[in-house]
Amino acid sequence: MPAGLRQTVQGISGTPLPHGILGASCSTVIDVTEDSIHELNGVEWLAMGCCPARDWPDPCEDPVPGAPTEKEFCRPETEHATPITVYAGAECSAPGFSYEEARAQALASLALGEQHAVEAGFMRTKLTRDALDITPAEGPLSMAQGVATLEGCLAENYGGVGTLHVPAGAAALLGCCNILREDPATGSLRTLVGNCAVIGAGYSYLNQGPGNIPADPGTAWLYITGPLAIRRGPVDVIPDRGRASASVNIRNNDRRVLAERTYVVGTTCTICAVNVRVCE
């Protein structure tokens, strides 16, 4: 049928992936208010619970070989999180493309895609920079072995519930050995140990290991961290409605509208990474 006879209807809306970093019930998302807006410049805090608790022998019993003779004390470390600004822009010829249409396009793209962008930003600026690579010298592990190795690393260094970070492209392999189960109370995905799982399209997009090195073909990088606290700023539309005319470039008559917001993604204590096989 000729294009001129087609009826214009409402565009098809989408839903962000339910187990991503913003929707997995693994993260505490904090909407920043005007009173705390400076937190979007980055935050720092004293780490809580990263120092181990240790056993102490009963002084009334006979000494145990190798038992400690002095109690150890731990100095808390300062941790920090840096801002990640995510954006989506709409562009089209100004005739027939109003400011309100461009604004709606930019906002829709941001709403659907910001989770992907936050995951990619978190992988690039935090996971790949600070993770301890525990891949054995023999090479990549199976998915089940990789998750087990990560959970062992976290358990040895942090006593609380952590967060497993898995590329979306490798997620189907988590079902082969019942590695994850859905928590009926929250809808989150949990391992048998109890750690929460984020299935991230942004992690698939980058698929980088420590040092920002891309994964070899047929492999993927998995990470595990402590819990996540995510600060989220308001959405800014540029230009705003009061300056709608500024969206048009008078040299080419194109209209551009940008929607963006800033996130600060924090985690605590240990970050471990392992390379796994996704093609057997």
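Visitor: Numbering the bonded cysteines in sequence order, what is the pairing?
Guide: In this predicted model, the pairing reads 1-6, 2-7, 3-4, 5-8.

Visitor: And how many disulfides does the structure hold?
Guide: It holds 4 disulfides. One of them joins Cys 26 to Cys 196, with the sulfur atoms 1.8 Å apart. This pair links distant parts of the chain, 170 residues apart: Cys 26 precedes strand 1 (27-31), while Cys 196 belongs to strand 9 (residues 196-200).

Visitor: Are Cys 26 and Cys 196 buried or exposed?
Guide: Both Cys 26 and Cys 196 are buried.

Visitor: What about Cys 50, which cysteine is its partner?
Guide: Cys 50 forms a disulfide with Cys 269, and their sulfur atoms are 1.7 Å apart. The torsion about that S-S bond is about -90 degrees, so the disulfide is left-handed.

Visitor: Where do Cys 50 and Cys 269 lie?
Guide: Cys 50 is in the loop between strand 2 (43-46) and strand 3 (78-81), and Cys 269 is in the loop between strand 16 (254-267) and strand 17 (272-277). The two are 219 residues apart.

Visitor: Turning to Cys 51, which residue does a disulfide join it to?
Guide: Cys 51 is joined to Cys 74, S to S 2.0 Å. Each lies in the loop between strand 2 and strand 3, so the pair ties together parts 23 residues apart in sequence.

How values were computed. Residues are numbered from 1 along each chain as its sequence is written. This is a predicted model: local features need pLDDT of at least 70, side-chain atom pairs count only at pLDDT 80 or more; totals for chains, interfaces and linings use all residues. Side-chain values use heavy atoms; hydrogens and water are left out. A disulfide is a pair of cysteine sulfur atoms within 2.5 Å. Helices (H or I, at least four residues) and strands (E, at least two) are DSSP runs, numbered from the N terminus. Buried means under 20% relative accessible area, exposed over 50%, partly exposed in between (1.4 Å probe, protein chains only).
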